[in-house]
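Reader: I am new to this structure and would like to learn how to read the features of an interface and a surface. Please take me through them in turn.

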Amino acid sequence: MDNADQALLLARRYIDIEQPARALETLDKLSNAPMQNPDYWYLRGRALYELTRYEEAINMLQRGLGQRPDYTPLLYMMCNCQDNTGNLAEAERAILAALRLAPEEPAFLCRYAYLVAKAGQMDKADRLVDEAARISPQDPMVLHARASLSLLRGNDKEAASHSREMLAKDPDNPVGHYMYGLSQYNSGKVSNAARHFGTAVRYDPKDQDTARIARQSRIASHWLLWPLRPLYKLGAAYAWIAAISTVFVLCIIGQYRIAGYVCKIYLVFCLYSWIMPPILRWWYRQR
Amino acid sequence: MSNFCGPHGRPDDLLSPTLGDQQLQPAGRKPWQPTSLLYVAFFGGALAYTVIALINGRRIGLSKDKQNLIMLLGFIGLVASFIMHYFFPVIDGNFTLHTENKLSIRLGDRIIGTALYLICSSFMNEANRIYQYRCKTGYESLLGTGIAAVVGLGSAQLIIIYGTMFITGIL
């Protein structure tokens, strides 16, 4: 193994342990960079992508593709970078090129599904995930894509079911815990959500998004907010409709006193929901 | 022509490009929280809700078809409100107030507004989630705009309804 191969191996390892800056440094130090090796361009592009320097990453990937246009990891990474710069058409071009070379690759089909879902083409996204599931029904990536699409559709029950499947296959899968937590959080089952987000954070402590939502759900599941659980489950809009309808019906049948009590109780609930969560958030920040 | 091709039995169009030259627009003004639109629908009625829902629809990138559907549903809501005011007028042709109809009108307008919200939210929620997945911007407060819409467009709705009834001689 020569120096260049060792440097590529080391850079890959740095990327695996989420140290893209060090990966880039390792590649920069190479005196005779292996320009002909597509892995060199892939690793540079991947490191820049992880550092959110998308334009530079695209530049690197283009140079790699200039030499090996049929190297699918470069195309996949190009899709990710173009997607993050908001250029969906170029991202689509890249992932379709990858799919022409590897039409049976579930990862590429799922990636394309996310892309079209982002553009609002949910039916096509579903069909792509169906196709990936036909090829590899038990693939966690396919289950993840299914759960994500269900969440985007607002179908939290279906998302929970797909996430449970993911966790049944791999109970230590942080993505499975995150997705299940999200479906539970959206359904107002905040204690369950807090537990699963907590597990996801333990497996992947660097993920800031998961840490933030884990904190939110932990606050929402605090015992001081138990009275608000029905509001969380019902949702603010439906709770409002239920309260107002009850008051209207009570007024129509002449029960003005009871209607007054319902109004007062609902107002107390509203005030409590406005005041208590910020206090708890402040208290958690102080700890 | 067969709907399937190749050895994979995959539909023809599945791997055809469908994003055209789509560029994600940089997130403009943040949308309003979908739940907040209920209060505008409830207090402001069909016209106020339709205008606010259309603005919000544009912000979250709702398709033209869905925007037209909101407009159509808003128009139906306005017509329903018109019919209700026709049967339970608050003022008549001699400008006499009919306070006995106030409760019916209030209740009717709120039911129409809420129904409109529930129907539209069934398809706006999906677009909203996709928008948040794409842009992750959070929401803008609807408080000021919402109150302005309730007062301004709620009054405009009454003027349109009673103006039409006076002009056409229905009242």
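Author: This is a predicted model. Start with polar contacts: between chain B and chain A, nine residue pairs are in polar contact, both residues of each pair being at pLDDT 80 or more.

Reader: Which elements of chain B give two or more residues to the side that touches chain A?

Author: They are β2 (10-11), α1 (36-44) and α4 (102-135) of chain B. The largest share comes from α4(B), with ten residues.

Reader: How many salt bridges are there between chain B and chain A?

Author: The count is two. B:E126 forms a salt bridge with A:R153, and their closest N and O atoms are 3.7 Å apart.

Reader: How is the size of an interface expressed?

Author: It is often given as the accessible area lost when the parts come together. Here, about 3,200 Å² is buried between chain B and chain A, and carbon and sulfur atoms give 63% of that area. On the chain B side, B:L14, B:L19 and B:R129 lose the most area to chain A, together 21% of what that side buries. As for residues in contact, 30 of chain B touch 41 of chain A.

Reader: Which residues form a nonpolar patch on the surface?

Author: The patch consists of B:F75, B:V79, B:I83, B:Y86, B:F87, B:F88 and B:I170, with about 680 Å² of accessible area together.

Reader: Take B:Y86. Where is it placed, and why does B:Y86 count as partly exposed?

Author: B:Y86 lies in helix α3 (residues 64-87) of chain B. Its relative accessibility is 41%, so B:Y86 counts as partly exposed; that class runs between the cut-offs of 20% for buried and 50% for exposed.

How values were computed:
Residues are numbered from 1 along each chain as its sequence is written. Chains are lettered from A and ligands numbered from 1 in the order in which they are written. This is a predicted model: local features need pLDDT of at least 70, side-chain atom pairs count only at pLDDT 80 or more; totals for chains, interfaces and linings use all residues. Side-chain values use heavy atoms; hydrogens and water are left out. Patches are made of residues with over 30% relative accessible area and no salt bridge: like charges are joined within 9 Å, nonpolar side chains (Val, Leu, Ile, Met, Phe, Trp, Tyr) within 5 Å. Accessible areas come from the Shrake-Rupley method with a 1.4 Å probe; for residues, only the protein chains shown count as cover. A salt bridge is a side-chain nitrogen of Lys or Arg within 4 Å of a carboxyl oxygen of Asp or Glu. Helices (H or I, at least four residues) and strands (E, at least two) are DSSP runs, numbered from the N terminus. Buried means under 20% relative accessible area, exposed over 50%, partly exposed in between (1.4 Å probe, protein chains only). Contact means heavy atoms within 4.5 Å. Buried area is the accessible area (1.4 Å probe) that two parts lose on being put together, summed over both. A polar contact is a pair of N or O atoms within 3.5 Å; within protein, one must be able to donate a hydrogen and the other to accept it, and residues adjacent in sequence count only if both atoms are side-chain atoms.
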